[in-house]
Amino acid sequence: MKMKNRGNVLDDLDLRILQVLQENAKQTYIETGRHLQVAHSTVHDRIKKMEEQGIIEKYAAIVNLEKAGAKYITAIMTVFTDPKESESVAERLSKFEEIIEVFTSLSEELLIIAKVVAEDQERLHSFIAHSVAPLPGVLRIRTSIITKKYKDEMFIFKRKSSPNESL
Amino acid sequence: MKSFSSSSRILRKLPRKNAFYFFTSIGNYTGINSASLEEFIEKIKEVNIKSLEFHLYRGDFEEWADKTLEDKGLAEKIRSLRTLKPVGNALRDQLYFIVSKRFEEVERQTL
């Protein structure tokens with residue numbers, strides 16, 4: 001299996017390395033090599049190459065904020081925009097530290113979907129009322145506060161096995 | 001009695017960031033806003049009643065009147081209205097009456 005990504009061709013081993021790293025980035029080259037049955041130097045070279053190409057952007061700890069004692073609420077904000085201003089609104093939203101994810105979506109209307117984090121409902125409302133609603137191009141906003149999280153995972157590269165492997 | 005300059009100040013057009021933005025609940029913006037006392041009167045007539053109830057009972061109207069428009073008199077009148085706990089169209093009618101009367105009063109002082 002080969003995947004092409006803006007000129008960077010990932011082969012089967014690259015994908016397997018990515019899968020291992022996404023599941024546990026703290027594994028050493030030796031452990032990864034042992035797991036994939038390849039030399040650790042090969043793992044090292046492949047990882048360095050993928051870092052240089054920006055395929056691996058960074059290594060970060062996934063912190064469980066609740067267990068860390070942080071008091072906060074998360075909300076999904078849907079911003080309906082004037083199509084001419086949509087890109088500028090999305091860029092401005094991306095600059096706020098209260099907003100942790102920003103997407104655009106084309107359904108019946110042009111929307112921006114953003115994930116917002118605040119200490120409590122009052123601060124969430126204040127942020128939206130004073131910082132988001134006044135942005136030029138914002139037509140209206142719908143916000144849903146998340147009450148319970150059932151799953152929160154990153155997309156993990158799955159290596160597809162070839163038909164011969166299952167024999 | 002207010003001076004000419006403070007009356008003009010109350011009636012001024014505000015910058016976009018200082019406008020009043022009407023929400024119906026936490027984070028749900030209606031798309032309606034008002035950047036002056038005159039616009040505010042118009043928007044009271046058209047905005048969803050849920051929005052008027054949401055802001056009146058949070059004290060948002062009186063805060064905007066006091067801190068942004070700098071009209072303590074209007075803020076006090078809205079505060080008094082809140083204590084009467086009006087809802088629905090009675091709220092809309094009473095708020096409209098209070099704000100439009102205040103607008104006429106301030107406007108007269110600028111003449």
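**Close-up views of a two-chain predicted model**

**View 1. Leu139(A) lies in strand 6 (residues 138-145) of chain A.** Helices (H or I, at least four residues) and strands (E, at least two) are DSSP runs, numbered from the N terminus. The model is predicted: local features need pLDDT of at least 70, side-chain atom pairs count only at pLDDT 80 or more, and totals for chains, interfaces and linings use all residues. Residues are numbered from 1 along each chain as its sequence is written, while chains are lettered from A and ligands numbered from 1 in the order in which they are written. Leu139(A) is partly exposed because 16 other C-beta atoms lie within 10 Å (buried means 20 or more other C-beta atoms within 10 Å of a residue's own, exposed 12 or fewer, partly exposed in between, with C-beta atoms placed from the backbone). Phe80(A) is 59 residues away from Leu139(A) in sequence, yet their C-alpha atoms are 5.4 Å apart. Leaving out residues up to four places away in sequence, Leu139(A) touches Phe80(A), Thr81(A), Asp82(A) and Gly31(B); contact means C-beta atoms, placed from the backbone, within 7 Å.

**View 2. Ile141(A) belongs to the largest nonpolar core.** Such a core is a set of buried Ala, Val, Leu, Ile, Met, Phe, Trp, Tyr and Cys residues joined through C-beta atoms within 7 Å. Of its 39 residues, Val79(A), Ile128(A) and Ile141(A) touch the most other members. Beyond four places in sequence, the contacts of Ile141(A) include Met77(A), Val79(A), Ile128(A) and Val132(A) in chain A, and Gly27(B), Asn28(B) and Tyr29(B) in chain B.

**View 3. Helix 3 of chain A covers residues 40-52.** Its 13 residues, at 1.5 Å a residue, should span 18 Å, and the end C-alpha atoms are 18 Å apart, which agrees; the expected span is 1.5 Å times one less than the number of residues. Just after this helix, Gly54(A) takes a positive phi of about 80°.

**View 4. Chain A is assigned domain 1 (3-61) and domain 2 (73-145).** These bounds come from an automatic or database domain assignment. Taken over C-alpha atoms, the two domain centres are 35 Å apart.

**View 5. Chain B has six helices and two strands.** From the N terminus, the order of elements is α-β-β-α-α-α-α-α. The C-alpha trace spans about 35 × 30 × 20 Å along its principal axes. Of the 111 residues of chain B, 28% count as buried. Among contacts between residues at least 6 apart in sequence, 57% join residues at least 24 apart.

Terms used. Two residues are in contact if their C-beta atoms, placed from the backbone, lie within 7 Å.
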